[in-house]
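Have a go at each task before reading its solution.

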Amino acid sequence: MSTTRPYSPGDRGPEPGGASGASEGGVPGTGESEGGVSAGQAAVIGASAPSSPTPSSAPSGPAPSGPSPAEAGAAGAGDGGRQGRRLSFDDQSGVVPLARDFTRQALYAWGWLPSATADQRAAAEDVLLVVSELVTNACLHAEGPDELWITCEKKVIRLEVSDRGTGQPAPRTPHRAGRPGGHGMFIVQRLCLDWGVVRTPGVAGKRVWAELGAPA
């Protein structure tokens, strides 16, 4: 596998066959209402979440709590270890609100929500914003996402969005707020502890990952 970071400056634009003509703030046809995630779309994984070839250092701290009773039928990771969930986007519409709702359910299960303080609320909102940007970027520049992985370990949330695109995500450098394009990955870069791209030789597509930490 190969991991690349940092990236060359500039926004390389839509990949061949991908969607175009839309800003990174949203995806045409996704809508704003947030529907539920069915059992057929999502899977709860114990300690079998995908590993990174170059894992980032994670802040030390107590392990997150297990799934809440609100998520009936969801299997927990157990023993306070690494917890992971996977969402498939096969044949799904409205993938951005779908990804946000799936992520919100995970945050409730792992104790990031409901928020007891303003800092905790801001941390959860950052996670939801980053997952929106990663999925939106896959829609605009990579013909849509394939899967979303969310893992939690030692108060660090890791988001991974896979797609079949060959392009390279990159925040526009220098960033200009009034210039269209490039804002999504700039937001990811500013909010995350680290982020990058993983590719597997001989396998089409890539996996874009980002990590965010809970407030101290």
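**Exercise 1.** Find how many contacts beyond four places in sequence the model has for residues 51–79.

*Solution.* Start with the confidence: in this predicted model, pLDDT stays under 50 over residues 51–79. Next, look up the contacts: there are 46 beyond four places in sequence for that stretch. Now do likewise for residues 2–35, where pLDDT also stays under 50 and the model has 78 such contacts.

**Exercise 2.** Work out which element gives the most residues to the largest nonpolar core.

*Solution.* First, take the core as a whole: it has 37 residues. Then list the elements that each supply at least two of its residues; among them are helix H1 (95–109), strand E4 (145–153) and helix H3 (183–191). H2 gives the most, with 10 residues. Last, zoom in on Leu134, one of the residues touching the most other members. Leaving out residues up to four places away in sequence, Leu134 touches Leu159, Val161, Met185, Val188, Val208 and Ala210.

**Exercise 3.** Decide how Ala122 is classed: buried, partly exposed or exposed?

*Solution.* Begin by locating Ala122, which lies in helix H2 (residues 118–141). Recall the cut-offs: buried is under 20% relative accessible area, and exposed is over 50%. Ala122 has 33% relative accessibility, so Ala122 counts as partly exposed.

Notes: Residues numbered from 1 in each chain as written. Predicted model: local features only at pLDDT ≥ 70, side-chain atom pairs only at ≥ 80, totals over all residues. Heavy atoms only, no water. Helix = DSSP H or I, 4+ residues; strand = E, 2+ residues; numbered from the N terminus. Buried < 20%, exposed > 50% of the residue type's maximum accessible area, 1.4 Å probe, protein only. pLDDT = per-residue confidence, 0-100. Contact = heavy atoms within 4.5 Å. Core = buried A, V, L, I, M, F, W, Y, C linked by side-chain atoms within 4.5 Å.
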